[in-house]
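Please open the structure in your viewer and keep the selection tool at hand.

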Amino acid sequence: MRKFSLNKINPKLTLKYRFFHPYQQQPIDPACCQFQIRTAIPADLIGVAQIIAESFHSQQGMWGWAFPLLRLGIYEDLRHRMASPLPRHICLVAFEATTDAANNLVGSVELGVRYSDSWSQVGMGFPYLSNLAVHPKFRRHGVASGLLTSCEKVSREWGFQDLYLHVLENNHQARQLYFKLGYRVHKVESNWNTFFLRRSSQMLLHKHLSDDSTI
């Protein structure tokens, strides 16, 4: 098989090809439950964007044509956050724990610090978890739980004892996972989308991190 040097390929054309053609990742064996978690690197972002897009957006129906655009938007948002000099922001990825599949991603999550005043970033900061997503073929194998537990460890290392996240009220599967891991409802948030577009309310969940929690 011929090998190509990346420095001979136009990166803009390569990025365009990857986002507007079906993304191919090495096949994932659902029976293999061995995975590890590490901090994401720039080379992971295309895979992370694919997993997030598949988790929150459908490729079927009348809006299926927009999936590559949504995936590209997610990628650009991730790239911007990773390039920003934020002192407390991290993206974690889970990958198959085999020598030949170290870059075969199966899940990801982001953790950052938010403030009561998001514009001026003043007031009490709190760790906030977002974009938890797992490859469709690797769900119900402990990946999400492992990523959540790793975020709890990072939050404690940052000096926090609490962790927050949002979940849609009608996402019963996700709610069941969070409640099982000790998250509780902090408040239910509604807006005009809830009433006029009949969308589900968001629930802000909270977990107090005990000092003796295990990883």
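## First stop: helix 2

Select helix 2 and locate its buried residues, namely Leu 45, Ile 46, Gly 47, Val 48, Ala 49, Gln 50, Ile 51, Ile 52 and Ala 53. Buried means under 20% relative accessible area, exposed over 50%, and partly exposed in between, for a 1.4 Å probe and protein chains only. Helices (H or I, at least four residues) and strands (E, at least two) are DSSP runs, numbered from the N terminus. Because nine of its twelve residues are buried, helix 2 is largely enclosed by the rest of the structure.

This is a predicted model, in which local features need pLDDT of at least 70 and side-chain atom pairs count only at pLDDT 80 or more, while totals for chains, interfaces and linings use all residues. Residues are numbered from 1 along each chain as its sequence is written, and side-chain values use heavy atoms, leaving out hydrogens and water.

## Second stop: the largest nonpolar core

A nonpolar core is a set of buried Ala, Val, Leu, Ile, Met, Phe, Trp, Tyr and Cys residues joined through side-chain atoms within 4.5 Å. Next, select Leu 111, Leu 129, Leu 132, Tyr 178 and Tyr 183, which touch the most other members of the largest core, a set of 28 residues. Elements giving two or more residues to this core include strand 3 (105-117), strand 4 (122-134) and helix 4 (143-157). Helix 4 supplies the largest share, six residues. Apart from this core lies another, of 17 residues, among them Ile 46, Ala 49, Ile 51 and Leu 78.

Now select Glu 110, which is found in strand 3. Is Glu 110 buried or exposed? Glu 110 is buried, with a relative accessible area of 3%. Show its side chain together with that of His 89: a polar contact of 2.8 Å joins the two. A polar contact is a pair of N or O atoms within 3.5 Å; within protein, one must be able to donate a hydrogen and the other to accept it, and residues adjacent in sequence count only if both atoms are side-chain atoms. The side chain of Asn 131 also makes a polar contact with the side chain of Glu 110, at 2.8 Å.

## Last stop: confidence

Finally, colour the model by pLDDT, the predictor's confidence in each residue, from 0 to 100. The mean pLDDT of the protein is 80, and 73% of its residues reach 70 or more.
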